[in-house]
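Trainee: Could you take me through one part of this structure closely? I would like to look at the metal site and then at the helices connected with it.

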Amino acid sequence: MRLIAVLIISGLFFSEAAHSQSIGESDLLGHIEILASDAFEGREPGTIGENKTVNYIATAWSAAGLLPAGEKGSWYTPVSLVERTSETYRIKFTYGSEGGSEGKAVRIQQDEIILRSRSSAFRQSGMPLVFAGYAERGQGEPSVAGKLVLLPRAPLDDSGRVPDFRDRKQRLIQDGAVGVIAVLDESDRWTRFQRSFQRASTSLVGAENHAELEGVISFDQFEKMMLKSGLDAETLLADRDNLSVIDLSFKADARAETQVRSYRSHNVIGRIPGSDPNSGAVLFLGHWDHFGICRVEDPLDPDKDGICNGAVDNASGISLLIETAKRLSGGGQDRDIYFLATTAEEKGLLGARAFVDNAPVALEKFVVVFNADTVALADDGTMIAVVGLGKSELDSDIAVVAAQEGRKIDRSDKADAYLKRQDGYVFWERDIPAYMISSAFADEERLKVFLDGPYHDVSDEVNDALVLTGAAADANFHVALGRYFSSTGTYPGIAPSGSGDN
Ligand SMILES: [Zn+2]
């Protein structure tokens, strides 16, 4: 207890000193150099790299004067994950096997279909095969229960008529489908899907929505099979409005062995207490995780050590959060300010999802959320892109802070493309305004160079390409956002419906 008190006092002292100073490049670089160092092994959840990372963040926030806001008074909230990796599989389709007759085997290339089972082993023979189109299953149409379903992955169309692949898959699983195999469109590149499907698939424990057998098949092999049924593959995939479920008079025998591994990771959560916690809270977040040791080491090239260090993605965002926390700590705000470092963003925003499922306070208490991801790309003087602009009434308040800080907002919609690809999105899904504000996403050219190059690869590391002048300006802007939104004077908030603590 005494130790904690001393830490808080020293933290306050430290943050008072830091309070007035603006954030500079070297402040950010100091953290990035450590978080993206080889010693942190690419910050893969569930590894020694995780231990080092979450400990570093908790120590930095503690020194900044934050209070722990994780489970049982600690800095950490466990996130239980399960990972599935396809090992071996075999599938055989036979055609015309109704009425007890044997049926003819259809030869398909085993490397143009990939399967993964939900449990470590799957084996089933004689599964009837159906094709499920985009429409809802109508009355009198074939059931999918006990069947293996071929389901077009559907390129998104702008009309929004075609429901999301995941939603359609969910419905089929609920209706009792044994397996769901995604069918690629002619335009999809098989090698890309092959690579992504062969990688491990990770889910939150308790939120697993997998069929017993899942997979993906190339267009070529699908076309070959449909020909046997006298069906045209292209026509089947193009019919967006009518097709629901059709029997294919195929039977499938399949087996699959999948490595299933459960493990624990952690979100890190800290809090700056406000004087009026009933007035709501502000949340800053960023993901701490990256891809770990992601490539095979090249013994002849010392630069290719196989570690995806994730300097820009997202050691930069975490460094912004550490420095922002220091400046806001001890500032006498009305609202609580929470700081969250999420795990498993790279595996599908899983740490952020775990947070919203089990937040330390009622989620509606958060009046606004700011996510910091991939901030170290632009020069000082670049406009700020506001991912989430146009989605809530808070736009005008952000504009007030921008005007006050002399920052110009990029009013184009080009950063919108990233809305669903970042942790903030899970808050929008729960109607909590969650912005990602960064000059990096306003500098289209640099962003493209990064995404086409070092992004998610071994070369996203600390080197000359790291630009921190824009990031430092953005960090200071986050301090201003924190002050503005945590004060009921500047941001009274939307009238609470039924207030009260928690
Ligand atoms: Zn990433």
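Mentor: Happy to. Let's begin at the zinc ion, whose ligands are D313 through an OD atom, E346 through two OE contacts, and H456 through NE2, at 2.0 to 2.4 Å. Please keep in mind as we go that this is a predicted model.

Now look at the geometry. The angles among the four donor atoms run from 58 to 145°, and the site of the zinc ion is irregular.

Next, trace the donors along the chain. Their spacing reads D-x32-E-x109-H. D313 sits in helix α8 (residues 311–328), while H456 is in the loop between α12 (444–452) and α13; these two residues are 143 apart, and the pair links distant parts of the chain.

Helix α3 (residues 48–63) and α8 have axes that come within 9 Å and cross at roughly 20°. The two helices, α3 and α8, are therefore roughly parallel to each other, since angles under 35 degrees count that way. Their crossing is right-handed. On the α3 side of the contact you will find Y56, I57, A60 and W61, and these meet I318, L321, I322 and A325 of α8. By residue class, this contact has eight nonpolar residues, no polar ones and no charged ones.

Now go back to H456, in the loop between α12 and α13, and move on to α13 itself. Helix α13 (residues 469–486) packs with helix α10 (residues 395–404) at an angle of about 125°, and their axes are 10 Å apart. That makes α10 and α13 oblique to each other. Here, too, the crossing is described as right-handed. In α10, the residues taking part are D397, I398, V400, V401, A402 and Q404; their partners in α13 are F477, A480, L481, Y484 and F485. The residues of this contact divide into nine nonpolar, one polar and one charged.

Note on methods: Residues are numbered from 1 along each chain as its sequence is written. This is a predicted model: local features need pLDDT of at least 70, side-chain atom pairs count only at pLDDT 80 or more; totals for chains, interfaces and linings use all residues. Side-chain values use heavy atoms; hydrogens and water are left out. Axes are lines fitted to C-alpha atoms, for helices over the stretch in contact, and angles run from 0 to 180 degrees between N-to-C directions. Helices (H or I, at least four residues) and strands (E, at least two) are DSSP runs, numbered from the N terminus. Angles under 35 degrees count as roughly parallel, over 145 as roughly antiparallel, 65 to 115 as roughly perpendicular and the rest as oblique. A crossing is left-handed if the near helix is turned anticlockwise from the far one by less than a right angle, and right-handed if clockwise. Contact means heavy atoms within 4.5 Å. Ala, Val, Leu, Ile, Met, Phe, Trp, Tyr, Cys and Pro count as nonpolar, Asp, Glu, Lys and Arg as charged, and the others, Gly among them, as polar. Donors are N, O and S atoms within 2.8 Å of the metal (3.2 Å for Na, K and Ca); water is not among the atoms, so sites may look incomplete. Four donors count as tetrahedral if all angles lie between 85 and 135 degrees; four count as square planar and six as octahedral if opposite donors are over 155 degrees apart and all others between 65 and 115; anything else is irregular.
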